[in-house]
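Reader: I'm new to this one and would like to go through it piece by piece. Could you put it up for us?
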Amino acid sequence: MVECTRTDERNAAQVCNCLEKVANTRVWVGNRTPGRGEEIAVNSQEIANKGHDIGILHLARAVKQPQNIVRYGSGPALIKTGVNVAIRGWGAETKDGDSPSPSLKVCSLKVVTSAEDLMDLTGLNGFTGYGDSGAGVWDGSVVQGIVSYGDQTSGTVAVPTSLVADWILSVTGFLGIPS
């Protein structure tokens, strides 16, 4: 099972450090409560060029619940330093936890550094952990980054979607939201 950020009805963005062979890989879309989310098989994957820590999973079928499809930022602007963002992920519920939470969690973080190739975030209310790689960095209703890694001690690092927006468009045909 892989946690990821949906980009449209048939594609999901994910960090590469979590991608392996797609054989028998399934993603969970939406709420894990029975009847509120959906488990979907992955057909194939593509990894971004230039060593960016992001990939796209091509799903075997379209997402049935449109509320689980999110918009991503295509730039050119980056999130400004000092802005508060939200991470919605399945990460561990405790600092030492090593398994995903049974429910989607939200934590607030502040942008410490925002550069073309990465965002450094620090916790305000909660923290990222094991299982949050691939979670979206939300600025309002738009995903502006994908969590690469993070924990309570060292903070969180994310790949800005604006960095790979042209690539996401070329792979999925789905245009992001300009900033």
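Reader: Which residue in E11 is the bridge partner of Arg-71?
Author: This is a predicted model, and in it the bridge partner of Arg-71 in E11 is Val-142. Strand E6, residues 71–75, and strand E11, residues 142–151, run parallel and are joined by two bridges.
Reader: And what stands opposite Gly-73 in E13?
Author: Opposite Gly-73 is Ile-177 of E13. Strand E13 covers residues 177–178, runs parallel to E6, and is joined to E6 by two bridges.
Reader: Switching topic, how many salt bridges are there?
Author: The count comes to one salt bridge, in which the side chains of Glu-38 and Arg-61 meet at 2.9 Å, N to O. That pair links distant parts of the chain, 23 residues apart, with Glu-38 in strand E4 (residues 37–47) and Arg-61 in the loop between strand E5 (55–59) and E6.
Reader: Is Glu-38 buried or exposed?
Author: Glu-38 has a relative accessible area of 6%, so it is buried, whereas Arg-61, with a relative accessible area of 27%, is partly exposed.
Reader: Now the helix: which residues of H1 are buried?
Author: The buried residues of H1 are Thr-161, Val-164, Ala-165, Trp-167, Ile-168, Val-171 and Thr-172.
Reader: What does H1 span between its end C-alpha atoms?
Author: Helix H1, residues 161–172, spans only 14 Å between its end C-alpha atoms, while a straight helix of twelve residues would span 16 Å at 1.5 Å a residue.
Reader: And which residue follows H1?
Author: Gly-173 follows H1, and the phi of Gly-173 is positive, near 75°.

Definitions and conventions. Residues are numbered from 1 along each chain as its sequence is written. This is a predicted model: local features need pLDDT of at least 70, side-chain atom pairs count only at pLDDT 80 or more; totals for chains, interfaces and linings use all residues. Side-chain values use heavy atoms; hydrogens and water are left out. Two strands pair if DSSP finds at least two bridges between them. Helices (H or I, at least four residues) and strands (E, at least two) are DSSP runs, numbered from the N terminus. A salt bridge is a side-chain nitrogen of Lys or Arg within 4 Å of a carboxyl oxygen of Asp or Glu. Buried means under 20% relative accessible area, exposed over 50%, partly exposed in between (1.4 Å probe, protein chains only). The expected span of a helix is 1.5 Å times one less than its number of residues.
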